[in-house]
Amino acid sequence: MQKRTGSGISTLIKFGRRESACMKITYVSNVNGPKLGITSAKLIEQDGLYFKDLEGTGELLPYEDWRLTPEERAGDLAARLSVEEIAGLMMYSSHQMVPFFAGSPFQATYDGKSFEESGAEAWALTDQQKNFLTEDHLRHVLVMLLKDAETAARWNNELQAFAETLPHGLPVNISSDPRNGAASAGAEYKSGGGQTSTWPEGLGIAATFDPELCREYARVIATEYRALGIATALSPQVDIGTEPRWMRVADTFGAHPGLVADMGRAYCDGMQSDPNCGGNWGPGSVATMAKHWPGGGPCEAGRDAHYPFGKFAVHPGGEEQTHLKPFTEGVFRLDGPTGKTASIMPYYTVNWGMDPNGDNVGNSYSKFIIADMLREQAGFDGVVCTDWGITGDPEPVLDSFGSRCFGVEHLTEAQRHLRILENGVDQFGGNNNIVPILEAYRLGCEKYGQKEMLERFRRSAQRLLVGSFRCGLFENPYLDPEESQQTVGCRKHCDAGFEAQIKSLVLLKNNGVLPIRERKKVYIPGRTVAQRKSFFRTVMPAAAFPGADRGAVEKFFDWAETPEEADFALVCIESPLTDGGYTEEEGYIPVSLQYRPYTAVNARAESIGQGDFREHENPNRSYRGKTCRPANESDLDLVLSTRQAMGKKPVIVSVRMLNPCVLSELEEAADAILVDFGVQQDALMTILSGGAQPSGLLPVQLPRDMETVENHCEDKPLDLEPYVDSAGNAYDFGFGLNWSGVIADERTRRYPKP
């Protein structure tokens, strides 16, 4: 690497591992203005300032003038784009892997070969990436796997340099699903790689009851994201976790509307506010995409709308307005100068009965939910992007992953795109295919006239471009790989994440056995999980796991191979794992929160949501009388057998809680119970050994039994009867213990149970 400076212009030459692979990035400084990064565009000098000649006219155009507002620049550029180029902005790529290793769930080619066969650098562009940039004009790219920070930075530079050579020099806006969690909740195909700092999952952040910690968390993530080339975060998830069986409750900020709103507001402020720009938008900002309007939490019986068998959201408690609060009182009302979240993602669900006209369709297809509620009533004027993969044709069976055009299966793909555009949606998540968007434009011209349809396209184009201008991508989208390596996952960030993990742990029970300050011998039995369905609805074979990482444990305690030689036992388990409420063999079955087989004798005789072209004979989705057998029933057996083997010696149970679960089956067998919502084992051991005092509080309720779950309303916050343990403590919202007893502090007063 060489740097040459002079006259405010510096050139940074990046060499790849092969001498032929090099990139020259020229940086240009402006007095009281942004730094420009250039690989192929020419410069315009005016009034002693420098601008990028992205259009190649030799004249300074409004969109090239960084002195204008992002809105002014976006409006000028939107008017210059062709219909095809605007259609490209409306697309969001499928999941990108950097690189596309063999065996990954998504594949691509490098000069027609697999990555392993091609000999390409890890950061090389794929054939498909080059094609969607040039032929489809796509500029919003979702990245999933990043090998490491250096690879991410180099791939970003390759992508941006390629885009700079294309018409208008439109930079690529790279986005990511959450990638800093200490544990994958399994509710979505989470992003990975990049060696980021590690933080608790959503419920874990909520368990701190500390919005300021959430703001710090978001600012660290934003810093790491920008060092990886990521300028848009497909987060936060501000659904209220009112339905404890929902597979995505682990990624929410809990079940209290006020806590969720405060956490969502803090998160968006932390991500979007560039501290070097007075907290306003700047090159350190990451635009947020809050999800899922109008609240994805109240899914019927806990079934998830990624799948046709879980498409209905229901409101038996009449709490539709409550689920809007994290948006209208949270992410739409930020404390910082960026004002509101940059974008919104509606969920897949059909909100049964919400539309007064009786139009039970997926949220993005609903004029009432998008045009009336979101755009007009809530006044949201930012980007609206569909959830991923909702415009394709449906699968013939209910137990499928890619069937999400709920309620509009009779329309063509182009007609579905037009209907979404008519409602005020700007972007199609997971759609790499420009053809149906252009066909939707043609249909719109026939219906409304070319002038009105072109204006409609340009409105979306302006909204979509504003984000890239706000985040400084038009001025300098390039990264220094060495700086990225020093930033991503640095010690300061990792220490902050680890401290947050410790604060997220919730102590539910302690019969005087914790903390264990002496170096004692611990027995930690291994686990087994039976065969079950994966997120993609493929079969996951039965598997065995060690109870804990021996290396992490032995930093604090000695490892015992048997209960007999141990001073105490630690049993690490998960909340019950089920198949999501449906099987091909049995149809609809319960989603259980208990470990033993559960038969739903108290379930609804008639489901609330009904109606699917695959269910003409019996639209009722009731599972009354059906039985669910969790794949990890053996976790309960492990606790009980360890209790027996240890005799009177202490047994500590640590529950990784992806869903609030019924602990009555195991509570009396445990001397202490800790709940983690996604932490590293070092954090757990720090608490056990007394290196820190537990301070986390339950952001949800733990139900007494499955009967109270069946009797509750999916949309109503905190309406479960909580379990009361043998010490008389109710495992209710806001409950937690420290070494002195029940925690009662400013946090519990700030967020009382409604």
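**A walk through some loops**

Modeller: Let's begin with Trp-388, which sits in the loop between E16 and H11 (helices, H or I, at least four residues, and strands, E, at least two, are DSSP runs numbered from the N terminus). Keep in mind that this is a predicted model, where local features need pLDDT of at least 70, side-chain atom pairs count only at pLDDT 80 or more, and totals for chains, interfaces and linings use all residues. Residues are numbered from 1 along each chain as its sequence is written, and side-chain values use heavy atoms, with hydrogens and water left out.

Biologist: Is Trp-388 buried or exposed?

Modeller: We go by relative accessible area: under 20% is buried, over 50% exposed, and in between partly exposed (1.4 Å probe, protein chains only). Trp-388 has 10%, so it counts as buried.

Biologist: Which side chain of opposite charge is nearest to Asp-387?

Modeller: Asp-387 is found in the loop between strand E16 (383-384) and helix H11 (413-422). Lys and Arg count as positive and Asp and Glu as negative, while His and the chain ends are not counted. A salt bridge needs a side-chain nitrogen of Lys or Arg within 4 Å of a carboxyl oxygen of Asp or Glu. Asp-387 is buried yet has no salt bridge, and at 4.6 Å away the nearest side chain of opposite charge is Arg-248.

Biologist: Where does Asn-32 lie, and is it buried or exposed?

Modeller: Its place is in the loop between strand E3 (22-28) and strand E4 (36-38). Asn-32 has a relative accessible area of 79%, so we call it exposed.

Biologist: What is the phi of Asn-32?

Modeller: Most residues other than glycine have a negative phi. Asn-32 isn't a glycine, yet its phi is positive, near 55 degrees.

Biologist: What about Asp-47: what is its phi?

Modeller: Asp-47 lies in the loop between strand E5 (42-46) and strand E6 (49-53). At 61% relative accessibility, Asp-47 counts as exposed. Its phi is positive too, near 55 degrees.

Biologist: Which residue does a cis peptide bond join to Trp-293?

Modeller: Most peptide bonds are trans. This one is cis, with omega at about -5 degrees.
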